[in-house]
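Subject: Structure handover and notes

Dear colleague,

I am passing the structure on to you below, together with notes on what was found in it. Please read the notes with the model open beside them.

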Amino acid sequence: QFPFGRRLPCDIYWHGVSFHDNDIFSGQVNKFPGMTEMVRKITLSRAVRTMQDLFPLEYNFYPRSWILPEEFSLFVDEVRMMKDGDPSWKPTFIVKPDGGCQGDGIYLIKDPSDIRLTGSIQSRPAVVQEYICKPLLVDKLKFDIRLYVLLKSLEPLEIYIAKDGLSRFCTEPYQEPTLKNLHQVFMHLTNYSLNIHSGNFIHSDNVNTGSKRTFSSILCRLSSKGADVKKLWSDIISLVIKTIIALTPELKVYYQSDIPAGKPGPTCFQILGFDILLMKNLKPMLLEVNANPSMRIEHEQELSPGVFENVPSPVDEEVKVAVIRDTLRLVDPQKKKRKDTQKHIDCCKNKLNISYNYFMCHRCQTLEHVPEASEELLGTGPAGRGEGDTPRSPEAGLPSLCLKQVFPKYAKQFNYLRLVDRVAALFIRFLGVKGTTKLGPTGFRTFIRNCKLSNSNFSMASVDILYIDITRRWNSMGIDHKESGMCLQAFVEAFFCLAQKKYKSLPLHEQVASLIDFCEYHLAALDEKRLVCGRG
Ligand code: ADP
C-alpha cells in the first residue's frame with residue numbers, strides 16, 4: 001500500500017486497476033497508459049481489423065467481427081452475401097457488449113435480425129462475432145485457455161509468455177449451437193464467474209481434474225494422444241506477438257501523451273491475460289485480452305447455507321504465484337544495476353586490457369576485484385557460500401523462470417508486420433504539442449508538406465478535404481470527445497488512402513510500406529538539412 005503523503009519514490013508501483021500516475025517521475029509502474037481502453041472489445045477488434053486489412057492470412061486467428069451499432073447494416077449485408085454464396089453455411093454469432101467482462105450481457109444468435117437492437121444497443125455498443133462452433137473438447141466439455149503475458153517494455157518491444165496457464169471448463173457437455181440450446185450458458189460460455197454457479201462446477205486440489213486445470217495438464221493429455229503440442233505452442237506464441245503488434249501503435253500514442261519523451265517519468269510494464277479458444281483442429285483463436293487479469297489464488301466455498309469462506313485454490317496458486325514472482329524478478333531494479341555495473345567493469349577491463357584481478361577504475365576511482373565481482377553481480381557464482389562470505393545472489397535458490405521471452409527473440413519473423421507502428425511514429429512526430437493524442441489540421445498539412453505528398457494531382461485543398469472527411473467520421477463514432485482533431489486510427493485510414501492513390505497496382509501492405517519508406521526518406525533528408533543549417 002502507498003500511504004497517503006508518502007514522499008520517497010518507490011522502485012515499483014503496483015496498481016490494482018489502471019495507470020493514473022501523473023505525479024510519479026521515476027521507477028516502474030505495472031500498467032501502461034491507455035491499455036484498459038485498448039483491450040476493450042471494440043478497440044481490440046478495430047486494431048486487429050486494421051492488421052487483417054494489411055495481412056489477412058497472418059491475422060486469421062481472430063473471429064470475423066462487426067462493431068455495433070455503426071456496422072449493423074454492413075453485418076446484415078455481409079452475412080446475406082456469404083449465405084447466398086454458400087447456402088450450406090449455417091452460422092451462429094455471439095454478441096458481446098463493449099467493456100463487459102465475465103460473460104456479462106453476452107448472447108448467441110442465429111440470424112442478424114435476432115440482435116436486440118431496442119434501446120440498449122444505442123446506450124451499450126457491442127461487438128458481434130462469428131461463433132466458433134467446433135471447439136476442441138476435453139471430457140466432452142468446451143474450455144478456454146487463460147495465458148499470462150508480460151509486456152515488459154514498449155520501446156524496444158519486449159514480450160514474455162508464462163509457460164503454464166489455466167484451462168477453464170464449461171459445466172455442461174457441449175453441443176453445436178441449435179436454436180434450442182443457444183441460451184445454455186454453461187454449455188457455451190467458459191467464464192469461471194458463470195460456471196461457478198452451476199451445480200456441476202468441480203473445485204479440484206489436483207491440477208489435472210476439475211473445472212479449472214493447468215494448461216500444461218491439457219497439453220500432456222493432448223501429447224499422449226499424439227497431438228503436435230510443439231506446433232500448438234508456436235502458434236500460440238505467434239498469436240500473442242501478432243496481437244501485441246496490433247496494439248502497440250495506439251499504446252505508443254497514449255504513452256507519449258502521459259509520459260512525454262525527454263521529461264522525467266516512470267517506465268511501464270504490464271501483465272496481460274490472453275483468453276484463447278482451441279478449435280477442434282488445434283488452431284488457437286483469440287477471444288480477448290484482459291488488462292487486469294484476476295490474480296486471486298483463493299475461491300469462496302459455502303461451508304453451510306449462507307456461510308462462505310475463502311479457501312486456497314492450488315491450481316490458481318501454481319500458475320499465478322510464478323507469474324508475479326517472475327515478473328518482479330524481470331523488472332527488479334537491483335538486477336539492472338547489477339548488470340550495468342558488470343558492463344562497466346567489463347568495459348574498463350577491456351579498455352585497459354587487464355588480465356589480473358584487481359584494477360583501478362577510472363570512473364569511480366576505486367580498486368575493483370574482477371572475477372568475484374562479476375560472478376556475484378550476475379548471480380552466476382558458486383551457490384551455497386557460508387555465512388560471512390560475500391552474500392549469495394538473490395536469484396540463487398529460486399525456481400527457473402516461468403516467463404519465456406518471445407520478443408525480441410523472434411523479432412526477425414514478425415518485424416515485417418510492424419507497419420502501423422511506423423505510421424504511428426509519423427503521427428507522433430506531427431502531434432506537435434506534447435500531451436495530445438489527436439492531430440490538428442495544421443499538423444496534418446505539415447505532415448503532407450514535409451513528406452512531399454502534395455503535387456498537381458493532390459492539392460492542399462484536397463488534403464484539407466481528406467482531413468475533414470475522415471476526422472469527422474471517426475469523431476462521429478463517439479469514441480473520444482475529450483479532444484478534437486484526428487485520432488491515430490483516422491490518420492492510419494488517411495495514410496492507407498494516400499498509399500492506395502500513390503501506388504495503385506500493389507497489394508495494400510506493399511502500398512503502405514512504400515509510402516512509409518517514402519515519408520521516412522523525406523523526413524530524414526529534412527532532419528539532415530536542419531542539422532546542417534543549425535551547424536551553419
Ligand atoms: P468476457 O469478457 O465477458 O468474458 P469473452 O469475449 O471472453 O467475454 O467471451 C466470454 C466467453 O464466451 C468466452 O470465454 C468463450 O467461452 C465464449 N466465446 C467468446 N467469443 C467466442 C467465439 N467467437 N466463439 C466461441 N465462443 C466464444
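Strand E2 (residues 28-29) is joined to E12 by two bridges, the two strands running parallel, and the partner of Gln28 in E12 is Thr267.

Before going further, a word on the basis of these notes: this is a predicted model, in which local features need pLDDT of at least 70 and side-chain atom pairs count only at pLDDT 80 or more, while totals for chains, interfaces and linings use all residues. Residues are numbered from 1 along each chain as its sequence is written, and side-chain values use heavy atoms, with hydrogens and water left out.

As to confidence, the mean pLDDT (the predictor's confidence in each residue, from 0 to 100) is 86 for the protein, and 86% of its residues reach 70 or more. Please take care with residues 354-390, over which pLDDT stays under 50; for this stretch the model has 55 contacts (heavy atoms within 4.5 Å) beyond four places in sequence.

A second open sheet has four strands in the order E3-E6-E4-E5, with antiparallel pairing. Its edge strands are strand E3 (65-68) and strand E5 (107-109), each of which pairs on one side only. Neighbouring strands of this sheet are turned by 25° against each other on average, direction ignored, the axes being lines fitted to C-alpha atoms, for helices over the stretch in contact, with angles from 0 to 180 degrees between N-to-C directions. Within the sheet, strand E4 (residues 93-97) and strand E6 (residues 126-130) pair in the antiparallel sense over five bridges, and Val95 has Val128 in E6 as its bridge partner. Helix H2 (residues 41-54) lies across E3, E4 and E6 and runs at about 135° to E3, while helix H3 (residues 72-85) lies across E3, E4 and E6 at about 150° to E3.

The loop between E3 and H3 holds Pro69, which is joined to Leu68 by a cis peptide bond with omega of about 5°. The peptide bond from Phe407 to Pro408 is also cis, with omega near 15°, and Pro408 is found in the loop between strand E19 (403-407) and helix H12 (411-414).

Among the polar contacts (N or O atoms paired within 3.5 Å), an oxygen atom of the ligand is 2.6 Å from an N or O atom in the side chain of Thr190, and a polar side-chain atom of Glu288 lies 2.6 Å from an oxygen atom of the ligand. A polar backbone atom of Gln102 is 3.3 Å from an oxygen atom of the ligand. Taken alone the ligand exposes 550 Å², of which the protein buries 98%, with accessible areas from the Shrake-Rupley method and a 1.4 Å probe.

Gln102 itself sits in the loop between E4 and E5, and its phi is near 55°, a positive value in a residue other than glycine.

Notes:
Pairing = 2+ DSSP bridges. Polar contact = N/O pair within 3.5 Å; in protein donor to acceptor, adjacent residues only side chain to side chain.
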